Amino acid sequence: MPLVAIPGKIKLIGADTIIVMDAGTAHQAVHITEDALSNSGEVLSRDHLIVQLELIEQVASHKFDRGDLAFDGSIWITSEDILDWRRGRSH
C-alpha cells in the first residue's frame, strides 16, 4: 500500500525527522534518521526534505508492505535503506 505524507505532519526533531503518513484507513509514523538525510555530511534543510519526499514515501511504502516495522509499530528509514532503494534492490 502506498504511504503518503500528510501535509503539516513533518516534524524535525533534533537531527531526525518524523513524518506521519496516510496508510489508507490508518496513519503510520515514519522516522528518518540523520544519516538518511545527510547530504555531503550536512543535515538536509526542510526544503530539501520536501524535494526527497517521493523517495522517502516509496521506501516507507516498501518497508510497510514487507512488515518491516520497529518494536513500536513505526517505520525507520536509514541511509542504508536509501542506498539500497537507489541501487534497486531490497534486503
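**View 1. The hairpin of β2 and β3 has four residues between its strands, and Gly-24 takes a positive phi near 85° there.** The model is predicted. Strands β2 (residues 16-22) and β3 (residues 27-32) run antiparallel and are joined by six bridges. Asp-22 has His-27 in β3 as its bridge partner.

**View 2. β3 also pairs with strand β6 (residues 75-77).** Here the sense is parallel, over three bridges. His-31 stands opposite Trp-76 in β6.

**View 3. A salt bridge joins the side chains of Asp-81 and Lys-63.** The N to O distance is 2.9 Å. Asp-81 lies in helix α3 (residues 79-87) and Lys-63 in helix α2 (residues 53-66), so the pair ties together parts that are 18 residues apart in sequence. Asp-81 is buried, with a relative accessible area of 7%. Lys-63 is buried too, at 7% relative accessibility.

**View 4. Lys-63, Arg-66, Asp-68 and Asp-81 are linked in a network of salt bridges.** Arg-66 is partly exposed at 37% relative accessibility. Asp-68 is partly exposed as well, at 29%.

**View 5. Asp-84 and Arg-87 form a salt bridge inside helix α3.** Their closest N and O atoms are 3.4 Å apart. Asp-84 is buried, with a relative accessible area of 2%. Arg-87 is exposed, with 52%. The model has four salt bridges in its count.

Methods. Residues numbered from 1 in each chain as written. Predicted model: local features only at pLDDT ≥ 70, side-chain atom pairs only at ≥ 80, totals over all residues. Heavy atoms only, no water. Pairing = 2+ DSSP bridges. Helix = DSSP H or I, 4+ residues; strand = E, 2+ residues; numbered from the N terminus. Buried < 20%, exposed > 50% of the residue type's maximum accessible area, 1.4 Å probe, protein only.
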